Amino acid sequence: MDFLFDINLWIISIKMGFEIALLSVVIYTVLLFIKGTRAAPILAGAAFIFLISWLISSVLDLAVLGWITAQISTLVAFLAIVIFQPEIRRAFAELGKGRLRNNNQAKTKEVIQILNESAHYLAERKIGALIAIERNIGMRFLAESGVQINSELSRELLCTIFYPNTPLHDGGVIISGDKINASACFFPLSQDDGIIKSLGSRHRAGVGVTEETDCICIIVSEETGGISISYRGRLARGVDEQRLLRHLNNFLLNSKENKNFSVSDNVERFKKAVSQSEDNQDEV
Ligand SMILES: Nc1ncnc2c1ncn2[C@@H]1O[C@H](COP(=O)(O)OP(=O)(O)OP(=O)(O)O)[C@@H](O)[C@H]1O
């Protein structure tokens, strides 16, 4: 009898251990997804208020406060789904994504070179540009808002697209692999209050598109000729040739080094780069 009791106890302990480990992984993954996004401080604040009110109602046995806390937590969960729809959508898209598609390193290096040269060509002439580079999350839904190009990427074609007062210059270009997928695309505008107020709709669209997908976006300012790059809702401004090349290499090159980095590692590296660029950036 004692033997059976011991086995049952072991089974229950293993089950509990498994449940705790599973919950830890889920919570850790959720925290990784929201870390560094606009959702993080809001959710942290809501969780703090919920915890305090739950503690007070439990310790002092306040039934009404406890009931209100439970009701409000349901409402907050519902509101969070509505407010953080882009983050949730991106999280699910990332869960379903496969490995990096572009395994041809030489081709990717060529693409990076063309993007870098084009950005500087446009910047020198103060020609505004918005270039999103597709990665693992498909951008068809955004490409459909513009004009299909589906042509080999070249510096000449990319720069010509943004030439002022031509039919395709307004809006964003989407690069898929080594092709210009579409131009004159409408990108979602970021609603992030943290974006500097002086930045206009081109920059907001450049950040917004990276909140919805895992693409990288290069933005050239028509006003100042400054180059910015955005990734996962973050913007690095005043990016010079070397830094742009470094960012593009980090994010696009399917190198051995890159394979060993997870999405969160990339975000961390980009955050570091953003804070460096904030120290010595040119005003965009
Ligand atoms: N949602 C959008 N999607 C794609 N392109 C957009 C979007 N919103 C604006 N743009 C592009 O940005 C141009 C307007 O840029 P605006 O001057 O408002 O922004 P900005 O960030 O101040 O850029 P700049 O520094 O180049 O002036 C539009 O003509 C259009 O080409």
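The legends below describe close-up views of a predicted model.

View 1. The shell around the ligand holds 16 residues, of which Asp170, Phe187, His203, Ser221 and Glu222 come nearest. By class, the residues of this shell divide into 6 nonpolar, 6 polar and 4 charged. Helix α8, residues 201-212, gives the most to the shell, with 4 residues.

**View 2. Polar side-chain atoms at oxygen atoms of the ligand.** For aspartate 170, a polar side-chain atom lies 2.6 Å from an oxygen atom of the ligand. Histidine 203 also places a polar side-chain atom 2.6 Å from a ligand oxygen atom. For serine 201, the distance from a polar side-chain atom to an oxygen atom of the ligand is 2.8 Å. The ligand taken alone exposes 640 Å², and the protein buries 78% of that.

**View 3. The aromatic pair of tyrosine 231 and phenylalanine 251.** The count of aromatic pairs comes to 1. The ring centres of tyrosine 231 and phenylalanine 251 are 4.2 Å apart and the ring planes stand at 35°, so the pair is tilted. The pair links distant parts of the chain, 20 residues apart. Tyrosine 231 belongs to strand β6 (residues 227-231), and phenylalanine 251 belongs to helix α9 (residues 241-252). Both tyrosine 231 and phenylalanine 251 are buried.

**View 4. Arginine 125 and the ring of tyrosine 121.** Arginine 125 lies over the face of tyrosine 121. The distance from arginine 125 to the ring centre of tyrosine 121 is 3.7 Å.

**View 5. Serine 190 and its partner glutamate 211.** Serine 190 is in the loop between β4 (179-185) and α8. The relative accessible area of serine 190 is 2%, so this residue is buried. The side chains of serine 190 and glutamate 211 are joined by a polar contact of 2.8 Å.

**View 6. Serine 154 in the loop between β2 and α7.** Strand β2 (147-152) and helix α7 (155-161) are the elements on either side of the loop that holds serine 154. The side chain of serine 154 reaches the backbone nitrogen of leucine 157 at 3.1 Å. Serine 154 has a relative accessible area of 21% and is therefore partly exposed, the cut-off for a buried residue being under 20%.

**View 7. Lysine 126, a residue with positive phi.** Most residues other than glycine have a negative phi. In lysine 126, phi is near 50°, a positive value in a residue other than glycine. Lysine 126 is in the loop between α5 (105-124) and β1 (129-133). With 44% relative accessibility, lysine 126 counts as partly exposed.

View 8. Arginine 232 counts as buried because its relative accessibility is 9%.

**View 9. Tryptophan 54 in helix α2.** Helix α2 (residues 39-59) contains tryptophan 54. Tryptophan 54 has a relative accessible area of 45% and is partly exposed. Tryptophan 54 and isoleucine 68 are 14 residues apart in sequence, and their C-alpha atoms are 9.7 Å apart in space.

How values were computed: Residues numbered from 1 in each chain as written. Predicted model: local features only at pLDDT ≥ 70, side-chain atom pairs only at ≥ 80, totals over all residues. Heavy atoms only, no water. Phe/Tyr/Trp six-rings, centres within 6.5 Å; stacked < 30°, edge-to-face > 60°. Helix = DSSP H or I, 4+ residues; strand = E, 2+ residues; numbered from the N terminus. Buried < 20%, exposed > 50% of the residue type's maximum accessible area, 1.4 Å probe, protein only. Lys NZ or Arg CZ within 6 Å of the ring centre and 35° of its normal. Near = heavy atom within 4 Å. Polar contact = N/O pair within 3.5 Å; in protein donor to acceptor, adjacent residues only side chain to side chain. Areas by Shrake-Rupley, 256 points an atom, 1.4 Å probe, with all protein chains shown as cover. Nonpolar A, V, L, I, M, F, W, Y, C, P; charged D, E, K, R; others polar.
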